Every structure is written in C-alpha cells, then in structure tokens.
Amino acid sequence: MHLLIPFAAPLSEAGHQALGSLTLPNLRGLLSWLDVVARDDGDEWSFTPPHERAMAQALGWAAGDGLLPWAARQAAADGLDVAGQAWGLVTPAHWHLGTDQISMLDPQLLALDDQTSRTCFDAVADLFTGERFSLHWAAPLRWYAAHPSLAGMRCASLDRVVGRNVDGWLGKDPAARRVRRLQSEVQMRLYTHPLNDARIAQGLLPVNSFWLSGCGLPQPVAASEPVLDARLRAPALADDWAAWVKAWDTLDGVPAQRCGPVADAVGCVERGEPLKLTLCGERGSVTYQSAARGFWRGLRTRLSPPPALQTVLGPL
C-alpha cells in the first residue's frame, strides 16, 4: 500500500493556524512506526506541484518541471488512441477579472453538465482546428488537444493556478504564444455566446476561458499507482481552512473504530504489511516507509512521544 496525500500542509498564515488545531491521532501514531525514506524539497512556484511529482516518480516517469504527460494518460483512460501524439488537457474555466489581476476559479464551481460543456466545446472547436490542433471532448471538464508543439511545452498544473493570478503561470515558452492567442480568441467567442447569457441569468458562472495542462507524449507506467486521497484539495484551494481541518479529521479516521484511510494504514502496519505514506504540501513532500517491527523498534516507539504535526507538516 502506498497512500499519497496532496495539500497535507498549507502555505498561508490562516492555513498554518488551522494546522496548529489538528490532532490526528492515527497519523501521529502511524508516523511513530515509519521511517523517512525520501524528501522532495522545492518551492511554491514550480509548475508541477509536489503531489504530481510524487505520483510521477511512483509511476516511473522522468520529465522536467511542467512536462509530465497527465493529459495523454487520462486521455488513454477515456478511450482515446494517444500513441504517437503529444496531448494537452483543455479545461473549460472561469477567469475572474479583479482590480489588479485576473484569477482563475476552481473549474468545479462551473457545475458543467454534458450538454453545456458540449455546447461550449462546439462553440470554440474551430478556433483550435484553425491552429491545427486536434480537439476531443471526453467529459464536462476534460477536453483534449493534440498537436506536435505540445511535446515539450511546459504547463502549470491546474492545482497551481486555481485562485491565483494567471499571469504568473502562463509560461514564456515560444510554443505557448499560440495557446495564449487561443485563450484570447476563446474569451472573445464566449463573451457574447447566448449560453453564457443564460448562465448569468441563472446566477451561474460564465465559461469564459480555458486552461491547458499536463502536456507531453505518452510515457509508459513502470510501477504500481499509489492510492491518492484528494479530499484536502478543494478546501485548500478555496482557503476554507475550517473545511480543511474537517477533511483532515475524516482522512485520519476514528481511532476506536479504525475507519478512514490513515486508520487503515495503521492496521496495515500492525499486520506487518509493507506501507508507504507520502505527505505533500505546496513546496515539497516527504515519504515514509514501514520498517521491521522488532522488539527494540517496538520499545522505542512506545517510549518515544509521537512526532508533532507542526514539525512534520510545517516545512511542506
């Protein structure tokens, strides 16, 4: 078992205050039985966030920052023939124009259904094909583009951009100029589209742009995939730290009832089964692995206090 937890640690001051309120008895007890086997130290400005780097490493992928081919992998899972082409994930989005910046809201807030998404897709498809992109619809928030230029295009993950100024994440790659031009054309096309007039009248967010991410050629998977539990993602991206604390509590589980992913991991260790745990923040990650449970290890664990959560999660 390899449990991977994104957004386990916050960056903001409010988030650190929320971190100080966590108790997480299962996690603290589990860490007493595990050894650190890997650390990934970075910063919050990398195009690829730590949880994506950790997942890519677990899959046996090798690529630079912003160059992991998540789109090709997901497109294949959606039934597309991805062989021999470079792919990118096109996510319909709402860009919010503020007083001094343009920020992107979480695409989940659009609440797009199939019909609405397909209407948007059909409205802008010719803009992509006019630039020689092959565009494919798979799901309301999963459109795919194929083009040779996507083979080496660095793209920021959606998880980096949501709630932030998009200007810092558009990239300066010459190949990205075509994408920025497409974003502008899509914005103009959708601005006057009747669909958005209807959505605004209903109190819904208009679809006014897109984000391109996960670009690259398909890579083979050389190892088993970790279990990724993403329940901390939405509250972290929304800066809803009360909800983030509640999500951590459900992730940790109830000690007495042994329910919850972390509680399950405790049971795994107690049964002597191998376990890996990767905790990811927005700067870096740390990976733990179960060790042999001999007499001296058990004695040391019982006598040593569980690690403080601020010490474990704070640096991430």
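Does Thr192 count as buried or exposed? The model is predicted, and in it Thr192 counts as exposed, because its relative accessibility is 57% and the cut-off for that class is over 50%. Thr192 lies in the loop between helix 7 (176-191) and helix 8 (194-201). Its C-alpha is 16 Å from that of Leu182, a residue ten places away in sequence.

If residues up to four places away in sequence are not counted, Thr116 touches Leu195 and Arg199.

**Aromatic side chains**

The structure holds eight aromatic pairs. In one of these, the rings of Trp61 and Trp70 have their centres 4.8 Å apart and their planes at 45°, so the pair is tilted. Phe128 and Phe133 form a pair that is edge-to-face, with 6.2 Å from centre to centre and 85° between the planes. Trp61 and Trp70 are both buried, and Phe128 and Phe133 are buried as well. An aromatic cluster is formed by Trp45, Phe47 and Trp169.

Phe47 also has the charged end of Arg154 over its ring, while Arg118 lies over the face of Trp137. The distances to the ring centres are set out below.

| Charged residue | Ring | Distance to ring centre |
|---|---|---|
| Arg118 | Trp137 | 3.7 Å |
| Arg154 | Phe47 | 4.2 Å |

Helix 4 is followed by Gly79, whose phi is positive, near 95°.

The largest pocket has a volume of about 940 Å³ and is lined by 34 residues, of which Glu52, Trp70, Gln74, Leu89 and Asp159 lie nearest its centre. Helix 4 gives the most to this lining, with five residues, and at least two residues each are supplied by helix 3, helix 4, strand 3, strand 7, helix 6 (158-161) and strand 8. By residue class, the lining of the largest pocket divides into 18 nonpolar, nine polar and seven charged residues.

**Helix 11**

Why is helix 11 described as largely enclosed by the rest of the structure? Eight of the ten residues of helix 11 (residues 261-270) are buried, so the rest of the structure largely encloses this helix. The buried residues are Pro261, Val262, Ala263, Ala265, Val266, Gly267, Cys268 and Val269. What covers them includes strand 1 (2-5), helix 2 (25-32), strand 2 (34-40), helix 10 (241-252) and strand 11 (285-290). Just after helix 11, Gly272 takes a positive phi of about 80°.

Technical notes. Residues numbered from 1 in each chain as written. Predicted model: local features only at pLDDT ≥ 70, side-chain atom pairs only at ≥ 80, totals over all residues. Heavy atoms only, no water. Phe/Tyr/Trp six-rings, centres within 6.5 Å; stacked < 30°, edge-to-face > 60°. Buried < 20%, exposed > 50% of the residue type's maximum accessible area, 1.4 Å probe, protein only. Lys NZ or Arg CZ within 6 Å of the ring centre and 35° of its normal. Helix = DSSP H or I, 4+ residues; strand = E, 2+ residues; numbered from the N terminus. 1 Å grid on protein atoms, 1.4 Å probe; cavity = no way out; pocket = protein on both sides within 12 Å on 5 of 7 lines; lining within 4 Å. Points joined across faces, edges and corners; volume = space filled by probe spheres on them. Nonpolar A, V, L, I, M, F, W, Y, C, P; charged D, E, K, R; others polar. Contact = heavy atoms within 4.5 Å.
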